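Colleague: Could you walk me through one part of this model up close, and then carry on to whatever else in the backbone and side chains deserves a look? Please give the cut-offs as you go.

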Amino acid sequence: VSDQLPTGESFSYIEWTPLCRVPRLEYAIGDPGSAGRRVRATSVVAPAGWPDTAVDAVSLDGLELRAASVRGLLHRSRHTPRQDAFSLGTSNDPLVLTVCDGVGSLGRSHLAAQYVVAQLPELVAQHARDDAVDWEAIFQPLSDALSAIEAGGEGSKPTDRADRLATTVTCAVLRREPSGLTAELAWVGDSPAYVLRQNHWRLITAAKSVGEGGIATTVVSAIPSSHVTFDTAHVELLPGDLFVVMSDGISDPLGGGTGLVGGALEEWWAEPVSALEFAAHVGFKRKGFFDDRTAIAVWVLPARTEPASETEEMPEAATGTACEGGTEDAHAVD
Amino acid sequence: MADNEGDLRVGERASPANPDNALPVFLFYLLVDVSGSMAADLPVLNQMLMEFRDKLRADPVAEDCILFSVLSFGSTVRVEVPLGNFATVNLTPDLLKINGSTRYSEAFRTLKATIEHDLAAQKDKDKSAAPSRDRFRYYRPAVFFLTDGEPNPGDPWQQAFTDLKAMPAYPLFVPFGFRHANDVILRELVHPQNRSKLYYTRSHDVAAVLSEMLDVMFLSILSSAYSVSSTPMHVLPTKNDVGPDVEVQQYEGGDWVLG
C-alpha cells in the first residue's frame, strides 16, 4: 500500500502484486442479520440486464462528488429490479443532483425513477433563473409525462398494480455564488438530504412522521399525481461540509444520525473515498434493513493554500457563475 | 461555529427523535385449538409448521425481522414454541397433541400473560445491552387464532377477550374457523374490526382448507416482514389470495357517531 501516486497527489491505494488478495468490499453496521450474510446479488428476472448497482464519480474544483445506487436485499432475494436511481448533472451550470426512489408496491416504478433522474438535469437547466429554479414548471409536466408513460397507448391508468409506476424525487441544485456554495432543494416524497457538519448529521428535508406506538407511518408523496405538491429548502454549504442526498434505504437506518449508522458513515466519509468504496459503503449490511440504497455525496473541500497544477482549472468558478467544463472522471488520475 | 449553525437552520427540519432507527421486529403468535375434535388435523398442522420453519430458513430477509411463537389450547394452554427465531427451532412431528375441550377463556388469558411477559423480556434484554449494541423496535403483535369449534358452554370467554383487547400492546387478532366453528362468535373476535379479518370455511374437505388457512397465515407473516423496507404494516391476505373454499370477512366501512 502506497501513499503517493506519481502525480504527487496524496492518494491511498492497494498495489497489486502476485498473490495479493484484496478483501471483498463489504461492510456491516452492527448485526448484518441472516439476510446480510446470505443474500447475494442475483439476476433480475425482468427487465433483463437492469444493473444491480450503479456508481458514478465526478471531481470538480473544490468539490468531490460520489454517487451509488445499490439494490436492496429484498429485491435481490426476489430477483426484482432496483427501483432507486440517481443522476449527476454536472455538465451545466448549475450542478443538478437527483435521487429517485420508485414506489415499491407498483411493478414499473424502476422505470419511473430512471426516467425522472434522466430528465431533471435538462429540465432544471431550462427553468433555472439567476438564483432559483421554477419547480412548478418542472414537476407537474414531469408528472404528466410519467402518467402518459404509465398509460401507454391505453390513454388511462392501468388497474393492475404490476403495470403501474410512481417515484419520489429529490433534486439538489448547487451554485457557486459570491458568498459561497449554495444548495437549493426541491422534493416530492421522502428521499431526504443531510449535511454532515462538525460531526453532526443535520436533516435538511422533512422528517418521516412517527405514528402510533412510535412506528413510522408514512404517507409518501410521489409522482405521477394529478396535483403535485413539493417542498423546497435552501442551504449554504461551507468548506468541510459533506452534503448527501439519499433514498430512505439509507435515511431509515441513519435516523437522526447519532447512532451506530451515523457514526459509521461519518468515519467512512471523513474524506472523499473512491467511487467503488463509496458504493460498498452505501450497500452496508444491517439486520432488518432491506431497501434499495442510493446516495449522492458532495464533499466541499477546504480551500487550498496553493494551486494544484494537475487539476483542470475552472475560470468560471472564480466568478461564481458556472461549472461547465470542469468535470473529469475521478479515476482519470494520471 | 455559531455563525455556520445559523446558516444551516434556514432549511433545517426537525430530525427524528431516535438517534438512529432501530431494527424493526414483527411479533406473531399462533394460538391453535387442540381439543379432541382436532385429532385428525394435528398431523397436518405439525407437518405445516415444519414446512413453514423450513421456508423461513430459506428466506433470510423474513427471518431477520420475525419472532414467532406457537401456543396450543384445549382444557389447558401450553406455550409449545416460545417467542423467538422460528427458523432455528427444532420441531418434532408430534409437537401439537390433543388436550381435552375448548376453553377460549383460558386461551385468551394465557395469551395476554404471554404477550406481556414476552414484551417485558425483550425490553429487559435491550435495556441491559451495551449502548453500542443494536437497538430494536417491536411492531404490535399479531395473533392467528385457529379453531374448529365453539367455546365450552358457560365459558366466560367474553371477559377474557375484553381484557386482552384492553392491553396497551393489544394484538391484531385474526380468527380462522372451520368444521364446527361458530362464525358469529368468530366475528366478535376480529380485532381491531377495521384492520383485522375473519377467515372462515364451511367446506367439509377439512384437510384441504386447513392447508389453505395455514398458507394464508404464513403468507401474511412473510408479506408483513417484507413491508419493513417500505412502510411496516400487518399484511393480511385478501379474497384473491386464498382458495375458493375460504371466506374472507372484513370491515366494510362506516364509523358514524351522530346523525
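**A glutamine and its surroundings**

Modeller: Gladly! Gln249(B) sits in strand 8 (residues 246–250) of chain B; strands are DSSP runs of E with at least two residues, helices are runs of H or I with at least four, and they are numbered from the N terminus. Please keep in mind that this is a predicted model, where local features need pLDDT of at least 70, side-chain atom pairs count only at pLDDT 80 or more, and totals for chains, interfaces and linings use all residues. Residues are numbered from 1 along each chain as its sequence is written, chains are lettered from A and ligands numbered from 1 in the order in which they are written, and side-chain values use heavy atoms, leaving out hydrogens and water.

The Gln249(B) side chain makes a polar contact of 2.8 Å with the side chain of Arg187(B). Such a contact is a pair of N or O atoms within 3.5 Å; within protein, one must be able to donate a hydrogen and the other to accept it, and residues adjacent in sequence count only if both atoms are side-chain atoms. Setting aside neighbours within four places in sequence, Gln249(B) is in contact (heavy atoms within 4.5 Å) with Arg187(B), Lys197(B) and Leu198(B).

Over in chain A, the backbone has some points to check. A cis peptide bond with omega of about -5° joins Ala46(A) and Pro47(A), and Pro47(A) belongs to the loop between helix 1 and strand 3 (53–60). Ile223(A) and Pro224(A) are also joined by a cis peptide bond, with omega of about 10°; Pro224(A) is in the loop between strand 10 (200–203) and strand 11 (231–237).

Positive phi values turn up too. His79(A), which is not glycine, has phi near 60° and lies in the loop between helix 2 (73–78) and strand 5 (84–89). His79(A) is partly exposed at 31% relative accessible area; buried means under 20%, exposed over 50%, and partly exposed in between, with a 1.4 Å probe and protein chains only. Gln198(A) has phi near 50°, is placed in the loop between strand 9 (193–197) and strand 10, and is partly exposed at 34%.

As for cysteines, there are 0 disulfides over all chains, a disulfide being a pair of cysteine sulfur atoms within 2.5 Å. The Cys100(A) sulfur is 8.7 Å from the closest cysteine sulfur, that of Cys171(A), so it is too far for a bond. Cys100(A) is buried at 0% relative accessibility, and Cys65(B) is buried at 1%.
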